[in-house]
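Below is a set of questions and answers for a reader who is new to this structure. Each answer ends on the value or name asked for.

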Amino acid sequence: MDFELKTLTLATLCSEKADALIVLIPDALAGGEDAVSSLAALALKSGDLEAKAGKLLSAYRTPGIAAPRVLLVSVGNASAKSVRTAIVAAIGALKASNAQRAVVCLSALADLQPDTVRAAVVACGDALYAYATSKSKPSPVKLQRVVLAVEKAASVKAGFDKGVGLVKGIELAKEWANRPANYATPTLLAEAAQELGKLPRLKVEVLGPKEVAKLGMGSFMAVAQGTAEPLRFIVLRYDGAAKADAPVVLIGKGITFDSGGISIKPSAEMDEMKFDMCGAASVLGTFKALAELQPALNVVGLIPACENMPGERAVKPGDVVTSMSGQTIEILNTDAEGRLVLCDALTYAARFKPAAVIDIATLTGACVVALGGVRSGLFSSNDALAEALAKAGESSQDLCWRMPLDDDYAEGLKTHFADIANVAGRAGGAVTAAKFLQRFAGDFPWAHLDIAGTGWKSGAAKGATGRPVALLIDYLLAQAPAAVPAKAPTKAPTKARTVKKSVPAPRTRA
Ligand code: BES
Ligand code: MN
Ligand code: ZN
C-alpha cells in the first residue's frame, strides 16, 4: 500500500490520470462548473445518489473526466466517522476491479481537518488489507496506490502522515493476529518482534523459559506448562526521549492459542482462540507505528506469549502457584489464563519506573456480553489516565468505555488456599478479572483495556481489526512533549543474516 497526498480541486481532478476516482460528496455540496461537480449535483438532485454516508453511484468513461472509473460516494455531514463509512464502502466496491491507482478526493469537504484526513487514510488501509499468508494461491488486491486529493495539502499534511504511520502499525497487528496458531507460535511472535528491533530507536529482547523461571514468573509458567511449545517473554523498547524520561509501558496478552487448558472450552468457535494474542499483536503494531512516526517519548512493550493447552504436565484446577510478586494464586479455572500471564508482566513492569502501565487483553467473554464489538472495556483506578485513554479513543474512533473497579467486586476472589483465586463466579466477569490484575499493578498509574469484543470480528467478516493500535497511538502522541516529531537516527545496517521467508512454514508436531 502506497499513499500520496496531493493538492487538487474538483476542477483539476477532472484531468487527473488515474484508474479510478473516488469522490466524497457532502450533503452540502458547493456548486461548480467542472464535470465532476456537475455529475455530483445531478446525481444528488435526481436522487440516484442518496445523501447518506456510504451510498454509492458509479460511472464509467464520463465525458470531461480523464479517469475511466468514477465512484461518487456520499459522506453525509463529513464527520470523521462518515468519511470512514464512505471510504470503506467505496474501496470495497473498487477492490475487485482492475484499478491499481485510485484518487480518493476530499476536496469537496469544507474546512477539512487533519484528523479527517487521518481517518481517510486509516479507512483506506483498513479496506485494502487482505490476508494471504496461509493461502497457496492468494488473490492479491490490485489497488495498491492511493492518492489523497485535498484542496490544500500543506494544511492537512500532519494528519496524513499520522494516518500513513498508523496504517503500517494496524496492518502488522492484523496480520499477526490473523495468522493461525501454528503460524504464530510464541517463538514466531518473538521473531516478528526481533524484526521490529531493526527499526530506528527500537530495541528488542526475548526471554525464554530459563530466564522466565529465574525471574520467578510462576504464574506465567503455569499457563505454559501444558504444551511442548516453549513460552517467550518479549521486551520491546522505543527510546525517543531522554533516558531520564519515565516510559509508558504497554503489556499485550499473547496467548497464541487458548484451548482453555484442563478447563477446556467447548468446540464451537474454538478456532477463534487463535486471536487470543490480539493484545500482543496490538503492542507490536503500536511499536511499528512508533517507528514510523518517531515521537519524542519512551515506550516499553511487554508480551508474555504462550499457548494454553491441556497436557500431561498441564496445570490443574486447584493448583496453587507463586507469582513473581510473591502472591500465591489458586487456579480454580485454567481458562482464566490471561490474568495469570499478565500479572507477572505487571510485576516486571515496575522495574521501568513507568509513567503509566496499560495492559491490552482479550481477557473475558463477559466483556463481549457487556460492550459487544463497538467499545473496548476500559478499567483504571487513575482518573487522569482513564480520561486520556477515553479521549484518545474518541479522537481515533477506536472507542472504549470506562467500567467500574469497586473493591466489592473483588470479594469473590478470596480463597482459603492461596492469597487470591483466579476466578470469582460468573457475575461481573470483566470487572472481577480487572480486580485480579489490579492486585498486581504496583504504585504506578495503571489501566486495562479488555478487547475481547473489539480485537477481531466473527462470522463472514472473520478477521482481526487491528484495534486498539489507533487508540494507543493517539494516547501516546498526546504524551509526547514535542509537537514536531524527533529526528530519526539512521540505524547502522545490521550484518547480513539469513533472510527469513516472508511466509513462515507452519509448525509441525512430531
Ligand atoms: N480468551 C478468553 C476470553 C474470551 C472469550 C475472549 C471469548 C473472546 C471471546 C479468556 O482466556 C477466557 O477464557 N476467559 C474466561 C474467564 C472465565 C473462566 C472466568 C471467560 O471469559 O469465559
Ligand atoms: Mn481462557
Ligand atoms: Zn484467553
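Q: Are D258 and E337 buried or exposed?
A: This is a predicted model, and its two residues D258 and E337 fall in one class. E337 has 0% relative accessibility, and the cut-off for that class is under 20%. Both D258 and E337 are therefore buried.

Q: Which residues coordinate the manganese ion (ligand 2)?
A: The donor atoms lie at 2.1 to 2.2 Å from the manganese ion (ligand 2). D335 gives both an O and an OD donor. In sequence the donor residues are spaced D-x76-D-x1-E. The residues are D258, D335 and E337.

Q: Why is the arrangement around the manganese ion (ligand 2) irregular?
A: Six donors count as octahedral if opposite donors are over 155 degrees apart and all others between 65 and 115; anything else is irregular. The 6 donor atoms around the manganese ion (ligand 2) do not make an octahedral site, because the arrangement is irregular, with angles of 71 to 167 degrees.

Q: Which residue bridges the manganese ion (ligand 2) and the zinc ion (ligand 3)?
A: The two ions lie 3.2 Å apart. The bridging residue belongs to strand 10 (residues 254-258), while E337, 79 residues away, sits in the loop between strand 13 and helix 10 (338-349). The bridge between the ions is D258.

Q: What is the geometry of the site of the zinc ion (ligand 3)?
A: The zinc ion (ligand 3) is coordinated by K253 (NZ), D258 (OD), D276 (OD) and E337 (OE), at 2.0 to 2.4 Å. Along the chain these donors follow the spacing K-x4-D-x17-D-x60-E. The 6 donor atoms make angles of 78 to 176 degrees, and the site is octahedral.

Q: How many residues apart are K253 and E337?
A: K253 lies in the loop between strand 9 (248-252) and strand 10. E337 lies in the loop between strand 13 and helix 10, so the pair links distant parts of the chain. K253 counts as buried, at 1% relative accessibility. The separation of K253 and E337 is 84 residues.

Q: Which residue in strand 13 stands opposite D319?
A: An open sheet of 3 strands has the order 12-13-17 and mixed pairing. Its edge strands are strand 12 (319-322) and strand 17 (420-421), each pairing on one side only. Strand 12 pairs with strand 13 (residues 328-331) in the antiparallel sense over 4 bridges. Opposite D319 stands I331.

Methods. Residues numbered from 1 in each chain as written. Chains lettered and ligands numbered in written order. Predicted model: local features only at pLDDT ≥ 70, side-chain atom pairs only at ≥ 80, totals over all residues. Heavy atoms only, no water. Pairing = 2+ DSSP bridges. Helix = DSSP H or I, 4+ residues; strand = E, 2+ residues; numbered from the N terminus. Donors = N, O, S within 2.8 Å, 3.2 Å for Na, K, Ca; no water. Tetrahedral: all angles 85-135°; square planar, octahedral: opposite > 155°, others 65-115°. Buried < 20%, exposed > 50% of the residue type's maximum accessible area, 1.4 Å probe, protein only.
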